[in-house]
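Please look over this structure with its aromatic pairs, helices and strands in mind. A short report follows.

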Amino acid sequence: MSAIISTNEFQAVVFAAGKGSRFPEILEGRPKCLLPIGSYPLIWYPLKLLQRHGFQDVIIIVLEHEKFEIQQKIEKHPLKLKIEYFSLSGDSDVGTADALRQISDRIKTDVVLLSCDTLVDFSLYPALKQFREQNASLVGLLVQSEISNVVVPGPKMKYKSDQDLFGICPESSRLVFMGSVSDFENDFQIPGHLLRQNGEIDIRSGLLDAHVYIVKKWIVDYLELNANFSTLKGELLPFIVKKQLSSFSHPQGLSEKPISEINVDVKGKHILEFAPESSLDTKIQDSSIFNKVASTLNDVIRCYAVVTPPKSFGIRINTLPSFCYANQQIYNIFPALTELPVTALVATNCVVKSNQIASTAIGDQSVISEKTSINASTIGANCVISPKVRLTNCTLMDHVIVEENVTLENCIVCEKSIIKSNSLLRNSLIGSNYTVPVNTKKDNVHLSNSAGFMEI
């Protein structure tokens, strides 16, 4: 399939300017895209995905004050990609559509859009193939995997997960509706012409939007001139999906029609003026037998969904449970995600003196002392693990020091923290630059220096 679809036809954009507002307790102002998943930063995985599919260039959208740190981190894990960074001011909260609008002059072809927090082991080729075969305006990747059996470190609390709704035609994979469950109290509406033209429609609520989209260049052109859209998933893309088979029976004299009827942008152009029809499209349209309603509609906007198989892995790292789950699973899914062996999760320049290490990722220049037992854990870069330490199902970020006779079970320890000797912590979250005193014995706590994240 890769021989049929050339990724040289597409540009790639990775959004990495998100502030991670859903889990400030582990970020504390640091870039979300640099959260450790195994021994690699989060953003490395979508970049690796692009490289695996033959992309050679990528634009990464970052916040200006985070650019240098992100660039340094990526350079420590070299990829065969030419990376262009585009910086946004951190003064305001810029949505993904706003960010894409700012780089619209750099988009010359159809484009693949990815979030920096997406981990999928599914090939992009079926989506690229669907895009080309159907001459689609938009193809979105939806995954079926679920987060399960996760005990989140810290005080016990309920984490609410966002649930999406998708309307998909089972025969054609046409995407005719997308929205969030939270946006609808009791019911929702699908335009009648979409129902009439597509017949059976499955309404799916158990799918995760992977935030991987393939879009036509004209959508970027349309966005450039329409400042009303701030986000892709929440605003622009649902609008594009809704405008399929839009009525455009009066291409001349648009000014005579009310704005509310024709959905013009700020330049007074109908959306269909941005979606050019090829001569082949026109011939197919003219030769097809439509009913009376369909003859007044234009099938030039076509949206599709590709749903991954049930056993594939897909997740977005945008909550604390998803971060925990990804690190719990990374040793098992790493080869499928990256086409690399699990040995690549252990840095070649780390020092491991213990022979009791299992299913564990270890970052650059970390030192693991003798008589240490570590299982199913992630150890960041420049960490020091002293003798007689036992770690089970833990995530330690960079520059963490664990002194002798410490036991940690299902804990997250953020950057530059110190766990003093003889401590026992279970199901706990330790903030950055925090020192846990000697002989601390605690369960289900959040220890932090930040005023907003003191122990509960």
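Predicted model: local features only at pLDDT ≥ 70, side-chain atom pairs only at ≥ 80, totals over all residues.

Buried residues of α2 are Trp44, Tyr45, Pro46, Leu47, Lys48, Leu49, Leu50 and Gln51. Buried means under 20% relative accessible area, exposed over 50%, and partly exposed in between (1.4 Å probe, protein chains only). Helix α2 spans residues 44–52 and is mostly covered, with eight of its nine residues buried. Helices (H or I, at least four residues) and strands (E, at least two) are DSSP runs, numbered from the N terminus.

Residues are numbered from 1 along each chain as its sequence is written, and side-chain values use heavy atoms, with hydrogens and water left out.

## Aromatic pairs

The whole structure holds 12 aromatic pairs. Rings of Phe, Tyr and Trp (its six-membered ring) pair if their centres lie within 6.5 Å; planes under 30 degrees apart count as stacked, over 60 as edge-to-face and the rest as tilted. Two stacked pairs are listed here.

| Pair | Centre to centre | Angle between planes |
|---|---|---|
| Tyrosine 40 and tryptophan 44 | 4.0 Å | 20° |
| Tyrosine 222 and phenylalanine 239 | 6.2 Å | 5° |

Tyrosine 40 and tryptophan 44 are both buried. Ring pairs also link Tyr40, Trp44, Tyr45 and Phe334 into a cluster.

The pair of tyrosine 222 and phenylalanine 239 links distant parts of the chain, 17 residues apart. Tyrosine 222 is in helix α7 (residues 217–224), and phenylalanine 239 is in helix α8 (residues 232–242). Tyrosine 222 is buried at a relative accessible area of 1%. Phenylalanine 239 counts as buried at 16% relative accessibility.

A charge sits over a ring if NZ of Lys or CZ of Arg is within 6 Å of the ring centre and within 35 degrees of the ring normal. Lysine 216 lies over the face of phenylalanine 131, 5.1 Å from the ring centre.

## The sheet

Three strands form an open sheet in the order β10-β9-β11, with antiparallel pairing. Two strands pair if DSSP finds at least two bridges between them. β10 (175–180) and β11 (202–204) stand at the edges with a single partner strand each, so one side of each has no neighbour in the sheet.

Strand β9 (residues 164–168) is joined to β11 by three bridges, and the two run antiparallel. Phenylalanine 166 has arginine 204 in β11 as its bridge partner.
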